[in-house]
Amino acid sequence: FVAVTTLAATFASAETPSPAGAAVYFINLKDGDTVTSPFKIQFGLTGMGIAPAGSQNPNTGHHHLLIDTQLSPEQMKQSVPADATHRHFGAGQTEVVLTLPPGEHTLQLVLGDGAHTPHEPPVISPVIKITVK
């Protein structure tokens with residue numbers, strides 16, 4: 001238990017660097033799209049690789065999908081929460097089939113390091129708005 005706690009504290013206190021030019025983006029959605037639920041979202045990444053949560057490989061991370069929320073500057077230095085609006089893809093997944101209620105929604109991708117913390121500088125997509133009909 002002590003070793004795990006120490007490792008978690010080490011992860012939490014260190015900001016994992018991201019390489020210049022790294023970018024995360026939506027492959028199959030763009031701002032203003034109208035979709036029918038359920039719908040597939042494909043995650044794109046350039047300049048870095050995908051690795052599962054817990055990995056400490058340099059220049060890697062895993063996806064987090066923010067639904068109808070954003071991270072504050074303080075949250076950008078902490079592990080991304082895990083709940084209905086902060087979806088984790090810690091096994092290295094690069095797509096999801098999502099069900100959302102009808103209406104307008106915002107989506108944003110955030111790449112997290114092995115401890116689910118955004119890199120420094122953060123690798124985040126622009127926020128897009130979609131309409132679910």
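## Confidence first

Residues 1-13 have pLDDT under 50, and over that stretch the model shows 4 contacts beyond four places in sequence. Here pLDDT is the predictor's confidence in each residue, on a scale from 0 to 100, and a contact means heavy atoms within 4.5 Å. Where pLDDT is low, the predicted coordinates should not be read in detail. For the protein as a whole, the mean pLDDT is 91, and 89% of the residues reach 70 or more.

Bear in mind that this is a predicted model, in which local features need pLDDT of at least 70 and side-chain atom pairs count only at pLDDT 80 or more, while totals for chains, interfaces and linings use all residues. Numbering runs from 1 along each chain as its sequence is written, and side-chain values use heavy atoms, with hydrogens and water left out.

## Salt bridges

Side chains of opposite charge can pair when their charged atoms come close. The rule used here asks for a side-chain nitrogen of Lys or Arg within 4 Å of a carboxyl oxygen of Asp or Glu, and it gives 3 salt bridges. One of them joins glutamate 15 and lysine 77, at 3.5 Å from N to O. Glutamate 15 sits in the loop between α1 (2-13) and β1 (23-26), and lysine 77 in the loop between β5 (60-67) and β6 (86-89), so this pair ties together parts that are 62 residues apart in sequence. (Helices are DSSP runs of H or I with at least four residues, strands are runs of E with at least two, and both are numbered from the N terminus.) Glutamate 15 is partly exposed, at 41% relative accessible area.

Aspartate 33 pairs with lysine 30, their closest N and O atoms being 3.0 Å apart. Buried or exposed, what are these two? Aspartate 33 is buried at 15% relative accessible area, whereas lysine 30 is exposed at 55%. The cut-offs are under 20% for buried and over 50% for exposed, with partly exposed in between (1.4 Å probe, protein chains only).

Lysine 40 forms a salt bridge with glutamate 95, with 3.6 Å between the closest N and O atoms. This one links distant parts of the chain: lysine 40 is in β3 (residues 39-46) and glutamate 95 in β7 (residues 95-98), 55 residues apart. Both ends are partly exposed, lysine 40 at 39% and glutamate 95 at 38%.

The two strands also pair with each other, antiparallel and over 4 bridges; pairing takes at least two DSSP bridges. Lysine 40 has valine 97 as its bridge partner in β7, and isoleucine 41 has valine 96. In a regular strand the side chains alternate between the two faces of the sheet. In β7, Val96 and Leu98 make up the covered face, with Glu95 and Val97 on the uncovered one.

β3 and β7 belong to an open, antiparallel sheet of 3 strands in the order β1-β3-β7. β1 and β7 are at the edges with a single partner strand each, so one side of each lacks a neighbour in the sheet.

## Histidine 64

Histidine 64 is in strand β5 and is buried, with 0% relative accessible area. Its side chain makes a polar contact of 3.2 Å with that of histidine 116. Such a contact is a pair of N or O atoms within 3.5 Å; within protein, one must be able to donate a hydrogen and the other to accept it, and residues adjacent in sequence count only if both atoms are side-chain atoms.

Leaving out residues up to four places away in sequence, histidine 64 touches several others, including Val80, Arg87, Phe89, Leu109 and Leu111.
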